[in-house]
Amino acid sequence: DDQGRGTLFLEIARILQDKQPSMFLLENVRGLLTHENGKTLDIILQTLKQCGYHVVHSLVNAVHILPQERNRLYLVGVLTSPTTSSRRQHRGATYKFPPFPQLNRGVQDILQQPQPQQPKEMDRTAATNEFHSLEKLCLSDHQLAKVKSQPYTQKFPEARFLQNTTLPSKTLQSSYASYMVGSQFVEFVSEKSFSSSNYTNNHNGCCDG
């Protein structure tokens, strides 16, 4: 488009045309399947075919392996009609996406849990440092209030805050600043008590991805 989106694929096509690797793997968001009623994907597939590749694609959800619902479109190409004489043909070669194991993992399987408090001062110091590390992943009271006040949260609170950690989450985010409507937050409850008043409200905190 006029903002330059889509130009990266043209560069990928140029590299494939020039270097002719035996196979390639591309990944994109699932929206590519329906973008412009599928016309964009058709153009991509046709371009890759012109580069000498047989291409298959599949929508893969990471929830089969990880406790997170994350659909991504994968395209795998096998060189079948080299455009340069230096590459060997792989006539009839295709790729079949393998079946994925159903691990049925929940968020609780990957959450870092605070260790039980130890009486020794050295152990307490280590535990405090660990807690501070976890705190960096948590929303402040102001951020949490802002999320709770959003119309989407008001309408779908169970979608914004994951209550049952035996289930997978929606898309995890790398930071609060970049969260999207579909992302979820997980409540973080500390089993420790700290003398510092900065952490007295920790039980209200929620961690993002």
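Visitor: What are the ground rules for the model?
Guide: Residues are numbered from 1 along each chain as its sequence is written, and side-chain values use heavy atoms, without hydrogens or water. Local features need pLDDT of at least 70 and side-chain atom pairs count only at pLDDT 80 or more, while totals for chains, interfaces and linings use all residues.

Visitor: What makes residues 7-19 a helix, and how does the reach of helix 1 compare with the span expected?
Guide: A helix is a DSSP run of H or I with at least four residues, and a strand is a run of E with at least two, numbered from the N terminus. Helix 1 has 13 residues. The expected span is 1.5 Å times one less than the number of residues.

Visitor: Which residues of helix 1 are buried, and how do you know which side they are on?
Guide: F9, A13 and L16 are buried (under 20% relative accessible area; exposed is over 50%, partly exposed in between; 1.4 Å probe, protein chains only). They cover an arc of only 65° around the axis, so they lie on the same side of helix 1. The arc is taken from the directions from the helix axis to the C-beta atoms. The face turned away carries the exposed L8, L10 and K19. The cover over the buried residues includes strand 1, helix 2 and strand 2, where contact means heavy atoms within 4.5 Å.

Visitor: Why is the pair F24 and Y53 called edge-to-face?
Guide: Rings of Phe, Tyr and Trp (its six-membered ring) pair if their centres lie within 6.5 Å; planes under 30 degrees apart are stacked, over 60 edge-to-face, the rest tilted. The count comes to four aromatic pairs. F24 and Y53 have centres 5.1 Å apart and planes at 75°, so this pair is edge-to-face. It links strand 1 to strand 2, 29 residues apart.

Visitor: Why do F24 and Y53 count as buried?
Guide: F24 has 10% relative accessibility, so it counts as buried. Y53 has 3%, so Y53 does too.

Visitor: What makes the pair F161 and F185 tilted?
Guide: Their planes stand at 40° and their centres 6.1 Å apart, so the pair is tilted. F161 in strand 4 and F185 in strand 5 are 24 residues apart.

Visitor: Where does pLDDT stay under 50?
Guide: Over residues 191-205. pLDDT is the predictor's confidence in each residue, from 0 to 100. Where pLDDT is low, predicted coordinates should not be read in detail.
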